Amino acid sequence: MMHSLESIIREHPFFQGLEDPYIQLIVECAKNVRFDEGKVLFRQNEPADHFYLIREGLVAVELMIPHRGFTTVLTAGGGEVLGWSWLFPPYRWYFDARALEPTRALAFDGKCLRTKCDEDHDLGYEFFKRFARIMTQRLEATKLQLLDLYGVNV
Amino acid sequence: MVSTSENTTVGKPASEPMLPRLYRIQRVHLETDDTFTLHLLPAQDEMGSSFAPGQFNMLYVFGTGEVPLSISSNPSDSPLLQHTTRAVGTVTKAMRRLGRGAMVGIRGPFGSSWPLEQAVGRNVLVVAGGIGLAPLRPAIYQLIAQRERFQRVVLLYGTRSPEDILYRQELEHWRGKFDLEIQVTVDRAASTWRGNVGVVTTLIGRSPIDPLNTVALVCGPEIMMRFSVIELEKRGLAAQHIYLSMERNMKCGIGFCGHCQFGPLFVCKDGPVFRFDRIEAVLGKPEV
């Protein structure tokens, strides 16, 4: 069954509750993408010119650690969002991202979105609210990871 | 029939609850670097004791001491008992050195159990962290054995690394079942790991459950359980549909000594499985 970009955006949890005029605005910055297993979505230090709404699949966010190789920091699956470096200068990725499974996503052009957010601050506020929530969730999850919850002395 | 804490025919300790019964080790299975499972059979009383999922026994290593350990075996396999533990303290390190044929003393089973009867007709969301999978394992066996009595059964399991995954073969077997949804996540992993990375609480948000018709069974480190409850409540689960297995310093197992006091409750006698709304006021309180 074919879904329009608009309906995909509307149904994705990240944009839940976003008003239709805004969806019509941001759809101009979106495109469907798919990544085969093992395909790199982005690499550290490359320009961060997109973010991804993952529809299906699983993506690993990785960091290359000398003498240890690539270490996975987190994974993002269907219904989740990947990437906020497009929002803040210097607009570069801090991590690598690689598809662990065949992955379907919507890719949003960061520059296009930034322009629209600059033109309409209400839209910008909606974006920052949503990304702030994601950042908070990731920060909380990272704190728990750092606690080494399953260690002997916890 | 599914065993529950209200069931009066199973899960009762022996008539002399302070008197250990002799059990012989049939097998010691290494689960991970520091975690092992003892397979035990009664040495004297051939009937052994039946138990309900979620209950615990006090295991006595002669000459060393006694520790409370959740029962991790299939209730249907009684009188065989399995106990999974990590070798961290004096007693469990001594236990780890025991081999096949060695004897231990067992008192129990003690405490409350997972509310499987209340979950009949509903979705069951099992959230396990680290060695917290062990007390949930008997409940999972029962859910599988009586699968048609429940709607969706989802297991979310988080642990430290791929090397720390408990019951690996069993998880693979369960994952192969069409009527069981299993998600495993680890806190850290090399890029060779093909699964989820992140704390187990992140899986709760992704889980395909109807919050109005789901019972959640949660066991793991207390902090993990507290954050799991937050996520479950965000998903819309009511406190009376969330059950946690608590851990405290159990000694007597029958509510006499007071070592495991948890606010107005005793974990050994009133728990270890508690409905969340009954412990909400004391959970996370530093004084408790």
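## Pairing of strands between the chains

Strand β5 (residues 69-77) of chain A and β10(B) run antiparallel and are joined by two bridges, where two strands are said to pair if DSSP finds at least two bridges between them. Helices (H or I, at least four residues) and strands (E, at least two) are DSSP runs, numbered from the N terminus. Within this pairing, A:Thr72 has B:Ala189 in β10(B) as its bridge partner.

The model is a predicted one, in which local features need pLDDT of at least 70 and side-chain atom pairs count only at pLDDT 80 or more, while totals for chains, interfaces and linings use all residues. Residues are numbered from 1 along each chain as its sequence is written, and chains are lettered from A and ligands numbered from 1 in the order in which they are written.

## The contact between chain A and chain B

The contact takes 22 residues from chain A and 25 residues from chain B, two residues being in contact if their C-beta atoms, placed from the backbone, lie within 7 Å. On the side of chain B that touches chain A, the elements giving two or more residues are β10 (189-190), β11 (196-197), α5 (201-206) and α6 (222-234) of chain B. By class, this side of chain B has 10 nonpolar, eight polar and seven charged residues; here Ala, Val, Leu, Ile, Met, Phe, Trp, Tyr, Cys and Pro count as nonpolar, Asp, Glu, Lys and Arg as charged, and the others, Gly among them, as polar.

## Overall form and domains of chain B

Chain B holds eight helices and 16 strands, and its C-alpha trace spans about 50 × 45 × 40 Å along the principal axes. For 288 residues a compact globule would have a radius of gyration near 19 Å, and the 18 Å of chain B agrees with this; the radius is taken over C-alpha atoms, and the globule rule is 2.2 Å times the number of residues to the power 0.38. Of the 288 residues of chain B, 48% count as buried, a residue being buried if 20 or more other C-beta atoms lie within 10 Å of its own, exposed if 12 or fewer, and partly exposed in between, with C-beta atoms placed from the backbone. Among contacts in chain B between residues at least 6 apart in sequence, 72% join residues at least 24 apart.

Chain B is divided into domain 1 (21-110) and domain 2 (116-245), with bounds that come from an automatic or database domain assignment. The contact between these domains takes 14 residues from domain 1 of chain B and 15 residues from domain 2 of chain B, and the side of domain 1 that touches domain 2 has three nonpolar, nine polar and two charged residues. The C-alpha centres of the two domains of chain B lie 24 Å apart.

## Nonpolar cores

The largest nonpolar core has 75 residues, and those with the most contacts inside it are B:Val126, B:Ala216, B:Leu217 and B:Tyr243; such a core is a set of buried Ala, Val, Leu, Ile, Met, Phe, Trp, Tyr and Cys residues joined through C-beta atoms within 7 Å. Helix α3 (residues 133-145) of chain B gives the most to this core, with six residues. Domain 1 (21-110) and domain 2 (116-245) of chain B both give residues to the core, so it lies between them.

Leaving aside residues up to four places away in sequence, B:Ala216 touches B:Leu125, B:Val127, B:Leu232, B:Leu237, B:His241, B:Ile242 and B:Tyr243. Another core, of 31 residues, lies apart from the largest one and has among its members A:Phe42, A:Tyr52, A:Ala99 and A:Ala105.

## Strand β5 of chain B

Strand β5(B) is mostly covered, with six of its six residues buried. In a regular strand the side chains alternate between the two faces of the sheet. From β5(B), B:Leu81, B:His83 and B:Thr85 point one way and B:Gln82, B:Thr84 and B:Arg86 the other way, and all are buried.

Strand β2 (residues 35-42) of chain B pairs with β5(B) in the antiparallel sense over six bridges, and in β5(B) the bridge partner of B:Leu38 is B:His83.

## Backbone exceptions

Most residues other than glycine have a negative phi, and most peptide bonds are trans. The peptide bond from B:Ser78 to B:Pro79 is cis, with omega near 20 degrees, and B:Pro79 has its place in the loop between β4 (65-70) and β5 (81-86) of chain B. In chain A, the peptide bond from A:Pro89 to A:Pro90 is also cis, with omega near 10 degrees, and A:Pro90 is found in the loop between β6 (81-82) and β7 (96-99).

A:Asn45, although not a glycine, has a positive phi of about 75 degrees; A:Asn45 is found in the loop between β2 (40-42) and β3 (50-56) of chain A and is exposed, with 11 other C-beta atoms within 10 Å. B:Tyr167 likewise has a positive phi, of about 45 degrees, in the loop between β8 (153-159) and α4 (168-175) of chain B, and counts as partly exposed with 19 C-beta neighbours inside 10 Å.
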